[in-house]
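Student: Could you walk me through this model, starting with whatever sits around the ligand?

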Amino acid sequence: MDSMVRTERDHDIALIYIQHPSVNALSQPVRHELLQAVIAADESAAISAIVIMGSGKHFVAGADIHEFDAPPVSPLLNDVLLRIENCRKPVIAAIHGSALGGGFELALACHYRCAANDAKFGFPEVKLGLLPGSGGTQRLPRVIGVNAALDIMLGGDPIGINRAVALGIVDQQSTVDELLARSLQFARMAIGKPWRRTCDQLMDRAQIDTAFFAQERQRLMTHDTGRIEAEGSAQEAIIQCVEAAATQPFTDGLALSRRLFEERRVSVTSRALRHLFFAERGSRSAVRASSAYIKHVGVVGAGTMGAGIATTMAIAGMYVTLVDSQPAALSAGMLRIRDIVATGVRKGRITGQQGDEVLARVTGAGDFNQLAGVQLVIEAVVESLVVKQAVFRQLDAACAPDAILATNTSTLDIDAIGSFTHRPGKVLGMHFFSPANVMRLVEVVRGRQTSAETMATVLGLTKRIGKLGIVVGNCFGFVGNRMLYAYGRENQLLLLEGATPTQIDEALKEFGMAMGPHAVGDLAGLDIGYRVRRERHDLPTDPRYYRIADVLVEAGRLGQKTGKGMFNYEPGSRQPVADPEVEHMIIAEAKRLGVTRRDLTKSEIVDRCMMALINEGARILASGIAESPADIDAIWCNGYGFPRWRGGPMFYADCVGTTHVVNRIRQFSSQPGLEHWTVAPLLEQLGLTAQGFSDWALAQQRARA
Ligand code: 3HC
């Protein structure tokens with residue numbers, strides 16, 4: 001095996017390179033080799049100083065997250081860092097790219113830090129349900145004080161070079177090209193001079209105030225609840241450790257942080273968040289295949305979706321031609337883009353000048369002829385195959401033969417849409433979520449004939465625009481909406497069976513969903529699903545299927561936009577208010593359909609909805625519509641408000657056990673009125689052997705290799 005740490009010499013300075021692509025994660029062999037290299041350099045009489053650097057794009061992006069699924073193996077990062085800190089000669093970290101988590105901890109254990117202009121420092125552990133486990137909680141407060149250290153650790157977002165210099169993290173700043181030379185020069189100057197170990201630095205007594213930590217805990221309690229559920233204990237642990245840094249000897253604080261890290265490492269929350277970390281990177285592998293660089297995009301349809309997509313592309317630096325044949329719709333769309341950009345400037349996400357540049361990149365057009373020079377078109381017109389047929393025929397004629405044509409459909413058949421063109425290999429789905437400029441997820445839908453090159457190009461593009469592109473197959477609703485229909489079937493049926501809309505929404509919010517399903521329906525507009533259901537001919541014949549939603553739409557209750565839907569809304573408010581009239585409508589409909597109403601418990605409500613998601617997810621996996629259970633989880637956590645700290649529906653199934661899921665579904669199916677419940681064959685097979693979806697995915701991966 002190639003070595004992961006390499007030592008070079010520059011006269012009496014040892015230059016230790018960490019070279020573990022792609023991000024120099026500190027896995028066990030790296031730690032082992034780094035420790036050996038440091039000991040050798042420290043013990044060598046010919047060496048007077050040590051510089052540690054990362055090869056490739058980053059310094060070190062942290063511990064190897066894969067390793068957290070098993071107990072820690074020696075040498076522990078903590079021990080390696082203590083050995084570095086205890087070197088008898090100056091040790092300098094030369095940092096470029098990311099110094100995150102364990103990478104930042106490594107930099108803090110060195111005696112000095114030289115950093116390039118592209119350096120980023122941060123502790124993203126909290127996003128993994130963890131805390132910095134190798135001294136970061138003890139060393140960072142000693143370098144920059146308690147307040148700033150807590151800010152960085154509780155937030156989890158990296159800081160750039162300017163803030164790092166201002167805080168005193170960086171001793172010397174340089175350009176990227178000069179980093180090595182300047183670090184060697186710095187090391188040379190440090191030789192023979194006294195230096196201070198971070199662990200010996202005393203805390204500023206003014207900051208050591210127990211009231212301060214009480215306030216921080218209070219602030220945590222009032223933070224939004226989803227995040228507390230997800231990361232609350234990690235954040236609490238961080239506060240505890242920083243308090244120890246401020247009040248206890250270094251070694252005690254270090255031992256505490258190590259113990260709390262271990263507790264968090266084995267927690268379900270951290271396992272779930274780590275699962276998502278990799279799930280959200282999975283589909284990116286295809287990006288590395290051949291992919292064209294898109295510079296100019298056409299967006300067809302200037303509605304909310306089209307304007308959101310156009311803005312996203314323009315913010316990412318692309319030229320955009322927004323086409324709408326209706327002049328009024330086009331000017332409304334251009335205005336919407338201005339509004340989105342103005343909000344971005346107001347909130348400080350972009351500067352005023354950047355905002356002007358974004359707007360200058362967007363051109364409005366009334367016909368498809370303006371799209372002759374674009375490399376990609378994203379169609380975002382109404383959800384109707386007939387309308388899309390006309391649009392794709394015209395696009396096929398107007399665009400260059402090598403241009404990619406994408407549809408933003410959320411349900412329709414990509415192969416049918418591809419067949420309206422002479423380039424089905426260049427047709428695919430890009431299912432954005434609303435609002436498109438905010439939501440991170442894009443389902444990238446592969447048609448039967450979509451080429452690998454087309455997929456790679458679009459996946460590369462989704463990464464460039466800061467979105468999470470997940471590859472899905474072509475079927476009604478793809479992955480996300482197909483599962484949504486199964487989930488909706490149950491939460492609609494529960495209404496007829498006796499649960500109120502509020503009861504259902506509250507139960508699912510308590511489970512962790514960002515919003516209750518009935519409030520979501522009102523937000524999206526109940527008429528949208530109503531229209532889609534009218535276009536489908538393969539729906540269940542069950543007269544109870546989405547019956548309440550249909551009744552509401554037929555009564556003119558379309559959701560927030562009409563002030564009334566499943567709930568009522570005061571003018572200007574998005575707060576759902578229960579309406580007794582809806583309750584009466586539900587009771588009347590249940591009576592008409594002969595449904596016996598009863599009291600339903602929270603756990604039954606949650607289980608009916610969750611098992612529906614899992615069961616449909618299993619069918620989707622078996623049919624190859626999703627490439628992995630992790631992809632389904634990434635879709636549901638990023639597009640449908642599934643709680644990240646539960647890891648997604650398929651990870652949740654593994655946590656409660658597939659055997660339990662099968663048994664629960666069997667219990668449902670044995671009840672009168674729930675005969676539509678049948679266990680998906682893949683789920684049945686896993687339940688029999690008590691295997692999880694992750695076991696299945698691993699076996700599939702091995703079979704493919
Ligand atoms: N461990 C293991 N693998 C990692 C990793 C890590 N810490 N960080 C990144 N990777 C892998 C990714 O899974 C991906 O693998 P793939 O090629 O097989 O898909 C590959 O490295 C490249 O990652 P990205 O696609 O994310 O590359 P980008 O260039 O877009 O981003 C990055 C680079 C900003 C460094 C980003 O990868 C990142 O944020 N990494 C995570 C950093 C992190 O969370 N560090 C803390 C770890 S916990 C820790 O250190 C605990 C300590 O306190 C003891």
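This is a predicted model: local features need pLDDT of at least 70, side-chain atom pairs count only at pLDDT 80 or more; totals for chains, interfaces and linings use all residues.

Tutor: Residues are numbered from 1 along each chain as its sequence is written, and side-chain values use heavy atoms, with hydrogens and water left out.

Student: How many residues surround the ligand?

Tutor: A residue is near a molecule if one of its heavy atoms lies within 4 Å of it. The closest ones are Ala61, Ala63, Gly102, Glu125 and Arg281. The number surrounding the ligand is 29.

Student: Which residue has an N or O atom in the side chain 2.6 Å from an oxygen atom of the ligand?

Tutor: Polar contacts here are pairs of N or O atoms within 3.5 Å. Ile65 uses a polar backbone atom, 3.0 Å from a ligand nitrogen, and Gly133 also uses a polar backbone atom, 3.0 Å from a ligand oxygen. The side-chain atom at 2.6 Å from a ligand oxygen belongs to Arg281.

Student: Which element gives the largest share of the shell around the ligand?

Tutor: Helices (H or I, at least four residues) and strands (E, at least two) are DSSP runs, numbered from the N terminus. β5 (98-100), α3 (102-109) and α11 (268-282) each supply at least two shell residues. The largest share is three residues, and it comes from α11.

Student: Which strands stand at the edges of the six-strand open sheet?

Tutor: Strands pair if DSSP finds at least two bridges between them. The order is β1-β2-β3-β4-β6-β8, with mixed pairing. Each edge strand has a single partner, so one side of it is left without a neighbour in the sheet. Those strands are β1 (5-10) and β8 (172-174).

Student: Which residue in β2 is the bridge partner of Arg9?

Tutor: β1 and β2 (residues 13-18) run antiparallel and are joined by six bridges. Across from Arg9, the partner in β2 is Ala14.

Student: And the eight-strand sheet: what stands opposite Met430 in β15?

Tutor: That open sheet goes β11-β10-β9-β12-β13-β14-β15-β16, again with mixed pairing. In it, β14 (residues 427-432) and β15 (residues 441-445) pair in the antiparallel sense over four bridges. Opposite Met430 is Val444.

Key: A polar contact is a pair of N or O atoms within 3.5 Å; within protein, one must be able to donate a hydrogen and the other to accept it, and residues adjacent in sequence count only if both atoms are side-chain atoms.
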